[in-house]
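Please examine the structure shown below.

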Amino acid sequence: MPPFSRVERRESMAERRPSMSYTPPVIPHLEGLEKPQQNHIDLDQADVLILGTGLIESMLAAALSWQGVQVLHIDNKSYYGDATSTLTIDQLKKWCIDVNQGKLPNFQDAQIYIPGGKSTNKFKSKDYGIDLTPKIMFCKSDLLSLLIKSRVYKYLEFQSLSNFHVFENDDFNQKITNSTSKEDIFTDKSLSLITKRNLMKFLKFILTDNKDSDKKRLIFENSKTNIIDFLTNNFNLESPQINELVYSIGLCIKPTTKTPEAVAKIKRFLVSFDVYGNFPVMVSKYGGPGEISQGFCRSAAVAGTTYKLNTNLIDYDPNSKIASFNDGSKVKINEKIIISPTQLPKFLQSSYNQLVDNSLPTYNITRLITVVRRDCKEWMSNQESSAIVVFPPLSLPTQNNQSVQVIIQNGGTGVCPNGQSIWFSHTSEPDLNRAKADLESAFEKMEASLLRESSSNLENGLDEQDFRLNPNRLSSTPILVNSFKLGEQLQNFVPKEKLEIVCKVGYVQKTLINPDLTNVFQATESNNIILKSIPDSNNNIIFTNMLSSELSYDGIITETKLIYSKITGSDEDFFDVDFEDEEEFDNNNGDSSAIDDSSSTGTNGGASAITQSKSTTSIGGIVGGGVVAGDENVIEDSSEDDMAIDDDDEDHDVNDNHEPFGTDVDNMEL
Amino acid sequence: MAEVSPTTNRFAQFKLVLLGESAVGKSSIVHRFVKNTFDDLRESTIGAAFLTQTITFPETNTTIKFEIWDTAGQERYKSLAPMYYRNANAALCVYDITSRSSFNKAQDWIKELKRQAPEGIVIALVGNKSDLAEDRQVEADEVEEYIQQQTSEEDGNSRIITSECSAKSGEGVLEIFNSIGRALPVEEVINASSRGRSAGGARQQGGIDLARARRQQAAAANSSCC
């Protein structure tokens, strides 16, 4: 492979693999080898070796291999996903042991608690998919665009998440449910006229184009002001609204968050609302980053990446470029070796430590994950299976300095059986004892609220105003608007029963990424390990980062592109792929007119079909590429894919709009 | 195919996964089924998330669509992801009748399927390259013996479909997919979906089609204002 350079454009996929002349490589028989997993890696050479199948590494593998780079992608675990994996309970047990034995660098203090014996706490490990780094995806985000562009979305299923609860004054408030527009988010509750006016003024400001000179100036003047002061002084907003804007909508973690960052984060939420329906974020079914990394690995495999799990790199000679593996195989790596920090080979440990210890601050993320025997529907919007709960700073009895953020997912998301849910909570509090206390305290508050809600008389606590008919739905079933009203008496509530716990897991993850993502969006050689050169490696080795504490996927693609650029010289052709067989593969339905009926049911509904999928009567509501085909719809589908892939303008447009907040900050400070 | 009125035709979709040792002709069988071609082998796996093909059963007025997932080489070092098996309704375990070891591997894959795949998955054990009968290493009675043994272990619950075919000549290929189609719980899926519930058909309802909404978003962008 010739070295890459900016001026020489590499040939596109289509040019390099013209459809008719491509001859497949001959795959030899593996005669006589009884256990395929003990096979040697059957490659003489590869261009890039990647260690670890985490989210960033998997996206990188796919991006490179679609540009014709020969990638060898290995993992020292028996599963995909590395530090971002989705694990079963049995896998998680073993994982905790490995962490505590120091086998998984950058993780520590793992504890797993499974109450009861086999008879009182029955569960099937396989029914659970527990993310080590759970995340949510904004409906306008670079990840979403990339999933479409790369077609990886076809392997995945996404579900909406619209309920964001914020805990304040020892009470839960459900703020955003059932909003039908951005404006509704603010007006759909009993606020004074003046508060409403102030909120609308701020909303207008937020949604103003970032190039607007007044907005630019105001943000610039306040680039060092914290967001709380900014909202108080410039928009006369009061504490409940500020908490909601900053911690729930903005998902900021501390009161000292600077105005440009917070404004960008609040905007991220608002522009994501109403893109796919009345919700700002989505979660992927069966698991988050663990599932998405599997999707990108599959995409990479389709493009020719070689995969082998359970494999360690044991030696690498930067001069001969020969990499040796624990299965006895040796492969020449023509270009770079990319190494995830949880896959660090022994012989590189000291180089890695040297780089980190000397110059890079480490941040802690403490997580507490609890599987409970409750579906927690009380906290979720009708037809949804996920919700967010945020405990703003100082809202807990532990006087938490930073937000505790919780993702709740029940059986409807495929991560646990029906009737159960998983509470994924985390904090970036640097003091680990405080962090653990904060998470336990948040858990207790949620438990108390849940038990109180289900045990007291619902009828007594609610009045007519707590119900509202949703005019958008045909059914006239009243929708519970304020399911948390009963939380008002939370202090006085003594639970009669205990919440049944299936499994509780706690651990600490380290990362070199600042929670504000500044060293991702403004990465330099001095603040990001990706850009550092490794001593004695001939510049052939790149270390990647653990994921940040950020609740969304923001920053992940930016990091992947950083690595991609370091390997290829530019990120211009990152997933610049012409999927040549698109029409072929969608238009192969022999007798499609015969199934027109079912397909039209599935597609007619349009946007409304998304939010009202339960009333859709065919499997047409299915996700992604699982299109129920009739010829017309198939053609429609492929043309919109073409738009997504070919139309650069549109992509840029979307990218401009969604603004990962770091780049926004950058603009603001110009 | 039979002329049927669109309003009365019934439809169901299923996910089918391929398994088997490298070079037994997994992709070739699918290409024969989907495109009725042989020689362009791997070319069109490129870019395709999965291939799809429909078959119709005129006697029950039913059309079923297979969403066919190829291994994309990830089977080579036993590195298939859980995603591959998830919600699979059928599996095609392929061996090469001229290779005994490929038949042993196919049995390993069936074991793996029972561990990883959803319960009730329809399994077809298929010997490819029947056009090379003179080099045959796997005899029909061996296959039969293996199936007997499996069936007794499984209390007769899960029947494994067995068959031979030649992706090269096309002989027997369509028949395999027909038998799989007949073994699938088509009625269940159709009934469940007509009640608005999901039950095992390739994917579940309630998700968001990212690409479709994107187009609507583009259209809406012109009319919305803030």
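The model is predicted: local features need pLDDT of at least 70 and side-chain atom pairs pLDDT 80 or more, whereas totals for chains, interfaces and linings use all residues. Residues are numbered from 1 along each chain as its sequence is written, and chains are lettered from A and ligands numbered from 1 in the order in which they are written.

The axes of helix 2 and helix 16 (residues 556-568) of chain A come within 9 Å and cross at roughly 50°; axes are lines fitted to C-alpha atoms over the stretch in contact, with angles from 0 to 180 degrees between N-to-C directions. Helices are DSSP runs of H or I with at least four residues, numbered from the N terminus. Among the residues in contact are A:Leu55 and A:Met59 of helix 2 and A:Ile563 of helix 16, contact meaning C-beta atoms, placed from the backbone, within 7 Å.

Helix 2 (residues 55-66) of chain A also packs against helix 11 (residues 289-302) of chain A, at about 20° with the axes 8 Å apart. Helix 2 and helix 11 are therefore roughly parallel, and their crossing is left-handed. A:Leu55 and A:Met59 are among the residues of helix 2 in this contact, and A:Phe296 is one of those from helix 11.

Methods:
Helices (H or I, at least four residues) and strands (E, at least two) are DSSP runs, numbered from the N terminus. Angles under 35 degrees count as roughly parallel, over 145 as roughly antiparallel, 65 to 115 as roughly perpendicular and the rest as oblique. A crossing is left-handed if the near helix is turned anticlockwise from the far one by less than a right angle, and right-handed if clockwise. Two residues are in contact if their C-beta atoms, placed from the backbone, lie within 7 Å.
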